Amino acid sequence: MDLKLQFLESFPARGSDGAAYKVMAYERLRHDDSVPDAQEQHWVSTGVQEFRLDSGELVEQAAGGVLRVVRSGVVLERA
């Protein structure tokens with residue numbers, strides 16, 4: 001399945017390490033093959049959001065909306 005990310009928003013966050021971060025929120029889109037012979041590719045929402053730092057590092061959203069940087073384990077809070 002072809003996927004692409006659509007930018008939704010960015011916001012500042014403070015890490016449990018005391019550092020400032022910029023979080024980027026994206027929506028995952030999938031290619032819609034139901035439109036035959038389309039001149040353009042059609043993309044539809046998968047209903048899944050993905051978060052990354054502006055450096056590209058993956059951020060997971062846990063229960064309760066808690067954001068955690070996957071590689072370092074730093075917990076983020078919206079500033």
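This briefing covers strand pairing, the nonpolar core and the salt bridges of the structure above. The model is predicted: local features need pLDDT of at least 70, side-chain atom pairs count only at pLDDT 80 or more, and totals for chains, interfaces and linings use all residues. Residues are numbered from 1 along each chain as its sequence is written, and side-chain values use heavy atoms, with hydrogens and water left out.

**Strand pairing**

- Strands here are DSSP runs (E, at least two residues), numbered from the N terminus, and two of them pair if DSSP finds at least two bridges between them.
- Strand E1 (residues 3-15) pairs with strand E2 (residues 20-31) in the antiparallel sense, over 11 bridges.
- Within this pairing, Gln-6 has Glu-27 of E2 as its bridge partner.
- Four residues lie between the strands of the E1 and E2 hairpin, where Gly-18 adopts a positive phi near 85°.
- E1 also runs antiparallel to strand E6 (residues 75-78), to which three bridges join it.
- Opposite Gly-15 stands Leu-76 in E6.

**Nonpolar core**

- A nonpolar core is a set of buried Ala, Val, Leu, Ile, Met, Phe, Trp, Tyr and Cys residues joined through side-chain atoms within 4.5 Å; buried means under 20% relative accessible area, exposed over 50%, and partly exposed in between (1.4 Å probe, protein chains only).
- The largest such core has 11 residues, among them Phe-11, Val-23, Phe-51, Leu-53, Val-69 and Leu-76.
- Two or more residues of this core come from each of E1, E2, strand E3 (43-53) and strand E5 (67-69).
- Leaving aside neighbours within four places in sequence, the contacts of Leu-53 (heavy atoms within 4.5 Å) include Tyr-21, Val-23, Met-24, Val-59, Val-69 and Leu-76.

**Salt bridges**

- Five salt bridges are counted, each a side-chain nitrogen of Lys or Arg within 4 Å of a carboxyl oxygen of Asp or Glu.
- Arg-78 and Glu-9 meet through their side chains at 3.3 Å, N to O; the pair links strand E6 to strand E1 across 69 residues.
- Glu-9 is partly exposed, at 33% relative accessible area.
- Arg-28 forms a salt bridge with Glu-50, with the closest N and O atoms 2.8 Å apart.
- Arg-28 lies in strand E2 and Glu-50 in strand E3, so this pair ties together parts 22 residues apart in sequence.
- Arg-28 is partly exposed at 32% relative accessibility, whereas Glu-50 is buried at 9%.
- Glu-60 and Arg-68 are joined by a side-chain salt bridge of 2.5 Å, N to O; Glu-60 is partly exposed at 38%, as is Arg-68 at 30%.
- Through shared partners, salt bridges unite Arg-28, Glu-50 and Arg-52 in one network.
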